[in-house]
Amino acid sequence: MEDYEQYLSNNAEDDERRAAAQVMEGLAGLRLESKLREVAAEQAAQHRRTFWRRILFTLAALAFLAAVAYWFFTKNEATPAAPPSEKPAPSAPAPRKEQAPEQNKSEKPREKPPIAQIKPKEEVPVPPDPIFPTFALQDELIPEPLNPAPDLVATRGAGQANIALQALLDQLWYVDYPLLGLDISKAFPSIDEKLKKRDFTTAYLELEQLGSARPANDTLQSLRAYCLLQTGEGPDALLHFGQIQSRQLDWKPQLEWYRGLALLLADKKSEALAQFTTIAANPGHPYRRQARKALKLLQ
């Protein structure tokens, strides 16, 4: 190899040198290609060894899990469940036969009195209630109110007292429109339409504007009290009820009942009881049955 290199360096011509250089480059490329093949073969062998290691590890893990599962299920099947102990129900003792006392043969059997001679049992009269009249304790059929009472829970809160008062007023809210003996369709048509639609807040604001422009009269006072009653404002409704003159006899029975409801809204139970007692004691009062119902619920 050294003689060949010396020959190329000393005696070879340029063509020979170029040819020799090409041969050397070809040999170097072949060596490099061979080296790359060896490296690729080594990497492929390494990948195969890693692949088979993973396969063997996975199979070993599966075999271990299968063995654990088999041991667990065979153990549960081998342990029999203890049957529930069934105790015989205690037998009920046989009823004892009561021997009838022997009747003295010398005695004659007692003769039953005729049915006509048997006196009915006397009923003990119930003493009257010292606080409320007896009519407050009698049951009467009366229809339920058409409309519910104001939503006190929404305006006052969900307290126990408000919930109880709401349930009571829902059973006693016999409040109707139009008011007895009062025709406002011609005098106040706008307010009349709002009250028929149960828009009590807007109707009350319009009544306030009318009251500021003209002297307040019984009609305006009763309509104001009615709107305040329907919105749950008991104390303010009582204020307007108190300003109505007693000369309006047609309105008086209805206003008395409405005043009793306003007293309940104002948490004046004792005064409401007195108002309902007065109404119930009046045989000709149109709200007499409603007052009886109120007294029964308030006792």
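Mentor: A helix is a DSSP run of H or I with at least four residues, and a strand is a run of E with at least two, both numbered from the N terminus. Y258 sits in such a run, helix α9 (residues 252-265). This is a predicted model: local features need pLDDT of at least 70, side-chain atom pairs count only at pLDDT 80 or more, and totals for chains, interfaces and linings use all residues. Residues are numbered from 1 along each chain as its sequence is written, and side-chain values use heavy atoms, without hydrogens and water.

Trainee: How many helices and strands does the protein chain have?

Mentor: It has eleven helices and zero strands. From the N terminus on, the order is α-α-α-α-α-α-α-α-α-α-α.

Trainee: Why is Y258 called buried?

Mentor: Buried means under 20% relative accessible area, exposed over 50%, and partly exposed in between (1.4 Å probe, protein chains only). Y258 has 1%, so it is buried. Across the protein chain, buried residues make up 27% of the 299 residues.

Trainee: What is Y258 in contact with, leaving aside its neighbours within four places in sequence?

Mentor: Y174, V175, D176, L179, Y226, L229, F241 and Y287. Contact means heavy atoms within 4.5 Å. The side chain of Y258 also reaches the backbone nitrogen of D176 at 3.0 Å. A237, 21 residues away along the chain, has its C-alpha atom 9.2 Å from that of Y258.

Trainee: How do you know that the buried residues of α8 line one face of the helix?

Mentor: In helix α8 (residues 234-242), the buried residues are G234, A237, L238, H240 and F241. Seen down the axis they fall within an arc of 165°, so they line one face. The arc is taken from the directions from the helix axis to the C-beta atoms. P235, L239 and G242 are exposed, on the face turned away from the buried side.

Trainee: What do the buried residues of α8 pack against?

Mentor: α6 (200-213), α7 (218-230) and α9. H240 also has a polar contact of 2.7 Å between its side chain and that of Q221. Q221 lies in α7.

Trainee: Why does Q221 count as buried?

Mentor: Its relative accessibility is 7%, so Q221 falls under the buried cut-off.

Trainee: What puts the buried residues of α5 on the same side?

Mentor: Helix α5 (residues 189-196) buries I191, D192 and L195. They cover an arc of only 105° around the axis, which means that they share a side of α5. The cover over them includes α6 and α7. After α5 comes R198, with a positive phi near 60°.

Trainee: What makes a space in this structure a cavity?

Mentor: On a 1 Å grid over the protein atoms alone, it is a set of points where a 1.4 Å probe fits but cannot get out. The whole structure holds one cavity of 30 Å³ or more.

Trainee: Which residues line the largest cavity?

Mentor: L179, L180, L182, S222, W251, Q254 and L255. Lining residues have an atom within 4 Å of a point. The lining divides into five nonpolar, two polar and no charged residues.

Methods. 1 Å grid on protein atoms, 1.4 Å probe; cavity = no way out; pocket = protein on both sides within 12 Å on 5 of 7 lines; lining within 4 Å. Points joined across faces, edges and corners; volume = space filled by probe spheres on them. Nonpolar A, V, L, I, M, F, W, Y, C, P; charged D, E, K, R; others polar. Polar contact = N/O pair within 3.5 Å; in protein donor to acceptor, adjacent residues only side chain to side chain.
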